[in-house]
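Notebook open, structure loaded. I'll jot down what I look up as I go.

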Amino acid sequence: MSTGLQQNIIVDDDRTGLEKNTLKRAILDNLFYIAGRFVAAASDLDYYTAVAYTVRDRLLSRWLNTAESNISHDARVVSYLSAEYLLGPHLENNILNLGIEKQMSEACADLGLDLARIMAKEEEPGLGNGGLGRLAACYMDSLSTLGIPAIGYGIRYEFGIFDQEIRDGWQVEVTDKWLRWGNPWEIRRPENAVKIGFGGHTQSSTGSDGRYRVEWVPSVVVKGVPYDTPVPGYGSGRANNLRLWSSEAAESFNFDRFNTGDYQGAVAEKVFSENISKVLYPNDHGIQGKRLRLEQQYFFVSCSLQDMIRLQLRLGRRLEDFHRKWTIQMNDTHPSIAVAELMRLLIDEHGMDWDPAWDVTRQTLAYTNHTLLPEALERWPLPLFASVLPRHMEIIEEINARFLAEVRNRYPGDEALVQRLSIIDETGERYVRMAHLASVGSHTINGVAALHSELLKSQVLSDFYRLWPEKFINVTNGVTPRRWMVVSNPSLSELITGKIGNGWMGDLEQLRELAAFAGDAEFLADWQRVQHAAKVRLAAHIRDKTGRVVDPASMFDIQVKRIHEYKRQHLNVLHIASLYFKLKRNPGLRVPPRTFLFGGKAAPGYVMAKLIIKLINSVGEVINNDPAVKDRLKVVFMPDYNVRLGQLVYPAADLSEQISTAGKEASGTGCMKFQMNGALTIGTLDGANVEIREEVGAENFFLFGLTAPEVLARKASGYQPRDVYNSNPELKEVVDAISGGYFSGGDRGMFEPLVRSLMERDEFMLFADYQSYMERQAQAGEAFLDAARWRRMSILNTARSGKFSSDRSIREYARDIWNVDCAHLVSPAGAGD
């Protein structure tokens, strides 16, 4: 088999060559034979297609060599199950990881092409909602870079996270048509399609061999078709596979129905089937949305497990040894149905007995928890779950019965503990608790920041920690410096490389060598020049997209992340409004000019988050049009925040807003991207902030607010936000202005739900942290006025960001959870070069 693969991937040099002239020939060939255009008629989109296929050709040899290497070395494979992959644009990142930036740039220049303009034509695949999906993309990059055999599995959503428009200050969701021009990076694999069932019933029997068997007879069967995308590593010569599943009808057209005049019925199966992978995260406030979301999760998990079993059997390996070949990481609770599905496949489809199947399942699966919010720990109403997955309901009930028997044996008489641990919540309307299923069916449970992991053990999953303390570990999240420094901030990368060499791109800890230059006047000046240029680029984007003119010399104070009450964008707004009123009263106040920048999307059904977006825009409208604060304050909401915009934002930030309520953010990764690019952080002791502060030093971090234990204590003592409001004149002034219509054209009702929530509950402790936040913001402003000091602090933030590389995270997963080593690395040149 090895020889056959090698013969298949030895191809003409024009397919794999990396020299400038070879690339030029390949681009023109692909323009003619793939895009179907001659030069005089070609558009930028045509040239993008030609360049993308030219790069993809060079990926394929590495991709196939990687597959051959994995087979020949019989390597254990990491299977990463994630409902989201927020990949960002492929082209520039792939050019970097292939090491052909210079050759490709020169090839395009010789052809009279503007490579940057061509890259801008790429549609961004919005297959994720935020940090979870972006983390998965970073981890795929690092897995390939470190030479770890891996397959990422997910869903090929036809429509990704919505495009966001702002109309009259409100968020408006617009369909994300990322596939409208096609996708040159993927390869459809219909020969590897699998069948997926839903609904129906089960029937049991006892065979002639005395074995009890259960057969699931689904009422609907769809087809999962895989689309493969190579994910290259940086400098490793490897490219792992990202396999995304698309749902199609097993039979897309019913001639019998059509011939009887039932034209809609003729395509009904096609419509139902395609709906499963139609859109990322349907609004699940209604029962139909919940059903579709459950169907999505089961669909991609079953497709992926069936695919792994197919590969296991194709390699001639026994399913009893499945866990020796595969290690499966469940990225949050979305894929946790994998516990029941792997059991179903092993027992029902492949005839394995319960006990060995359970051993294989628990030795294969590991669970990453990404949330401390109870509402994000998915649970499904039992009737809904049973109607969609009747056989899985039976399996879960059996898993639960055996698990609770173990609990009762270890803790006799403690029925309260049994009730809390049960996979099925029996305390009211019955629910299937997916985090509990994942915890029971996994060999390891990890949090994603040191504080988060401790809170999992002490709060969210405390009973499971009591039962199995050995299962719990921490792996702090990380981000890839290739995307978030080298691609996003090439000027800074060039400056750093000029001082310490380029080894840091693959070993971010080498950035510590920069600390030696933090007092170098020439280096400080170069650092300031690079950062100012990044701010100029972002300012140009803001002017182009919003019409707002912002001053690159002002402090860029930035908060970009999903809009959520616990992330407290509205606390930021309270500070902005307070500073505005102070400047109105005292124009001589010594503060630096500030540009407050926001970006992020609110879930379509999250009314309060959408109201926060409206508040940001309404406050901005008043401030931006007030001549009294002209050139001193600006507030801009940047619409449609995505990876491409992030690549402009992170290099341009002076101050990074990481202000979630302590104990609510699992980790956060935006904070890491800001730090790597030299931004200073103002934040609470929450998520990864704790570790960032430890790395950079308390003197280079603006800390404010209650700690997680203090939040709990304050609430337990009877926290009354109205008392804080009445005792703080500045806070009262701002809240009264918002509720009184100052920022809403006299409309007192517009922000009433938001104000009432703060005054009556203040669930996320904005009022409690307000004064501390104001004081640290004043200190940040004072520090910014001392330009040399600020630059030194900025350099030290970058120099001490090495811990937060996704390469470090993946090494820890490999060592502590997956028990895998770096695979045999193929030649970086790939086959045929």
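Predicted model: local features only at pLDDT ≥ 70, side-chain atom pairs only at ≥ 80, totals over all residues.

Where does Ile34 lie? I found Ile34 in the loop between α3 (20–33) and α4 (44–72).

**Entry: the loop and its patch**
I checked how open Ile34 is, and it is partly exposed, with a relative accessible area of 41%. Ile34 also belongs to a nonpolar surface patch, together with Phe32, Tyr33 and Phe38. I noted about 500 Å² for that patch.

**Entry: confidence**
The chain average is 94, and 94% of the residues score at least 70.

I looked up an open sheet of three strands, and its order is β13-β15-β14 with antiparallel pairing. β13 (379–381) and β14 (424–425) are the edge strands, each with a single partner, so one side of each has no neighbour in the sheet. How many bridges join β14 and β15? I count two, in the antiparallel sense, with β15 covering residues 431–433. Asp425 has Tyr431 in β15 as its bridge partner.

Asp425 turned up again when I went through side chains. Its side chain meets that of Arg379 in a salt bridge, 3.2 Å from N to O. Arg379 sits in β13 and Asp425 in β14, so this pair ties together parts that are 46 residues apart in sequence. Buried or exposed, for Asp425? Asp425 is buried, at 7% relative accessible area, whereas Arg379 is partly exposed at 41%.

**Entry: other salt bridges**
Searching the whole structure gave me 60 salt bridges. Side chains of opposite charge can pair when their charged atoms come close. I picked out a few to write up.

Lys610 and Glu173 form one, with the closest N and O atoms 2.9 Å apart. Lys610 is in helix α26 (residues 607–624) and Glu173 in strand β4 (residues 170–174), so the bridge ties together parts 437 residues apart in sequence. I have Lys610 down as buried, at 18%, a value that falls under the 20% cut-off. Glu173 is partly exposed at 31%.

Glu775 and Arg776 also meet through their side chains, at 3.9 Å from N to O, which is within the 4 Å limit. I checked both ends: Glu775 is partly exposed at 39%, and Arg776 is partly exposed at 24%.

Which residues are linked in a network of salt bridges? I get Arg189, Asp228, Arg243, Asp307 and Arg310.

**Entry: one buried serine**
Last stop for me was Ser801, in the loop between α35 (787–799) and α36 (806–818). I read 0% relative accessibility there, so Ser801 counts as buried. What does Ser801 contact, leaving aside its neighbours within four places in sequence? I listed Leu508, Leu511, Gln675 and Met676.

Technical notes
Residues numbered from 1 in each chain as written. Heavy atoms only, no water. Pairing = 2+ DSSP bridges. Helix = DSSP H or I, 4+ residues; strand = E, 2+ residues; numbered from the N terminus. Buried < 20%, exposed > 50% of the residue type's maximum accessible area, 1.4 Å probe, protein only. pLDDT = per-residue confidence, 0-100. Patch = residues over 30% accessible without salt bridge, like charges linked within 9 Å, V, L, I, M, F, W, Y side chains within 5 Å. Areas by Shrake-Rupley, 256 points an atom, 1.4 Å probe, with all protein chains shown as cover. Contact = heavy atoms within 4.5 Å.
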